[in-house]
Amino acid sequence: MPVLFKKFLLEALSIAVSAGVALSPPPAGLETEAMWVAGLLVWTLLNLILRFIPDFVVLMMMSCMWVVLHIMPFQQAFESFTGTTVWLLVGALGIGTAVTKSGLLTRVALCTMKLCSPTFSGQVFAMLASGVVLSPFIPSTTAKVAVAGALATDVGERLGLEDRSWGMSGIWCAMYTSYSLMSPILMSASYFSYVILNLMPEHIRGDLTLVRWSVAMLPWGVVTFLGAFAAISILYKPKHKIEISREDINEMLHDLGPVTRDEKITIAVVGVCMVCWVFERQLDIPSVVPALMGMGLLMSFGVINKVDYNTHISWSLIAFVGCAINMTHAISVVGIDKWIGDNFASSLAGVISNPYLFLTAVAGAMVATRFIIIDPLTCFTLYIVVLSPFCEAGGISPWILAMCTYIFCQPWFARYQNVNYLAGFASAGGDDKLDFAKSVRYCFAYNLVALTGVLISVPYWKLLGLIK
């Protein structure tokens, strides 16, 4: 069967299934508009899975259909593009581009390695620590691992580790953990956080500052950091004692040269932005303002230029995020969220009343779903949209649900599951340097460590009032 014909056939089936949902008689408590929204959501989900049409185009078409069907006016269907989240993401991505382009990311990572023990375990710790330090300044995890991946295998070689060895995989796994997997600790560490922020109900969103987010994630971060360090040190420890000389690290720093003008400017701008973000409430300045001002200053001083702005900021990602955020608004407008809560909350009450059981179930379901739905943003957005009404009814903050889905939406049991993994793997030298099967062992270990961190955090979240 020709590929093009197969695509048309599957698209026709997705339209037929979606139309069947849209044209079904609405159940008690819903109107015809709700069925059209449900049908469009089914079509969107199927196309995000089939991936025949670019993801952001699918979501833009969905939003346009809400206008065509008079479910909501254009201003509502695309209102996220006039809000703070999209513009905060633009500013943050611009600042992240400067941190990467100026060489500051590599310099800070190498300085962290210089401070730690030159042994294998010491450099694993350094990789973990450097990612945690740098993550708040670069919201693109793909960009971070693309730069740090090559650094990880370079350090591995200087440690004397052989290509495709357990030790080389261990150094790389440490890099990937801190530069990508531990991003949930900090709001500014990934654009996923900005999506989650805008998917939250207004009364929750208003309380989620950068500081409060980090405070709430502190136990999970500590457990995951220490657990990841222990797992990598045990699972990937080389058979023979190895060390990296201080001279090697000094040589790598020497190759970077002295701190450049662009790095100094970036440090100053990032420092001011961090102060504004930490004291957002006291200064009464929305976080989007310092983000955009910071990017503007970096462009004014030539640290980044118009070409960087056009090429390093993913405008397809901006479109995807903006339209995805509005899914919750559409569902709320037609009353689907309330209908779900009214009709099914009681059936899930037993599970939700036990947060340990509920969060474990969500974690397992998310990992399993990622074998089918390739895009993690789509995956956790759907989970948040569908399950948030149950959580609010059961006394669990939708933010806890969101963080659980966020944490477990990044598995790499199979290569196709994780674009970030592929970026970091490729930048590190791909199959020439790393053995994919060796890193899969750590995927199992990391998810167990992350789940342990979630379960240990439950009493703490109860103290914060996030679980009742």
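**Exercise 1. How many salt bridges does the structure hold?**

Solution. The model is predicted. A pair counts when a side-chain nitrogen of Lys or Arg lies within 4 Å of a carboxyl oxygen of Asp or Glu. The structure holds 11 salt bridges.

**Exercise 2. Examine the pair arginine 158 and aspartate 154, and explain their spacing along the helix.**

Solution. 
- Step 1: take the N to O distance. For arginine 158 and aspartate 154 it is 3.3 Å.
- Step 2: apply the cut-off of 4 Å. The two side chains meet in a salt bridge.

**Exercise 3. Describe how helix 5 and helix 14 cross.**

Solution. 
- Step 1: locate the helices. Helix 5 spans residues 84-101, and helix 14 spans residues 261-278.
- Step 2: The crossing is left-handed.
- Step 3: list the contact. Helix 5 contributes Ile95, Ala98 and Val99. Helix 14 contributes Thr266, Val270, Cys273 and Trp277.
- Step 4: sort the contact residues. There are 6 nonpolar, 1 polar and no charged.

**Exercise 4. Which residues make the nonpolar surface patch of about 690 Å²?**

Solution. 
- Step 1: name the residues. They are Val211, Val215, Val275, Val278, Phe279, Leu283, Ile285, Val289 and Met293.
- Step 2: Helix 12 (210-235), helix 14 and helix 16 (288-300) each give two or more residues.
- Step 3: check one assignment. Valine 215 sits in helix 12.

Definitions and conventions
Residues are numbered from 1 along each chain as its sequence is written. This is a predicted model: local features need pLDDT of at least 70, side-chain atom pairs count only at pLDDT 80 or more; totals for chains, interfaces and linings use all residues. Side-chain values use heavy atoms; hydrogens and water are left out. Axes are lines fitted to C-alpha atoms, for helices over the stretch in contact, and angles run from 0 to 180 degrees between N-to-C directions. Helices (H or I, at least four residues) and strands (E, at least two) are DSSP runs, numbered from the N terminus. A crossing is left-handed if the near helix is turned anticlockwise from the far one by less than a right angle, and right-handed if clockwise. Contact means heavy atoms within 4.5 Å. Ala, Val, Leu, Ile, Met, Phe, Trp, Tyr, Cys and Pro count as nonpolar, Asp, Glu, Lys and Arg as charged, and the others, Gly among them, as polar. Patches are made of residues with over 30% relative accessible area and no salt bridge: like charges are joined within 9 Å, nonpolar side chains (Val, Leu, Ile, Met, Phe, Trp, Tyr) within 5 Å. Accessible areas come from the Shrake-Rupley method with a 1.4 Å probe; for residues, only the protein chains shown count as cover.
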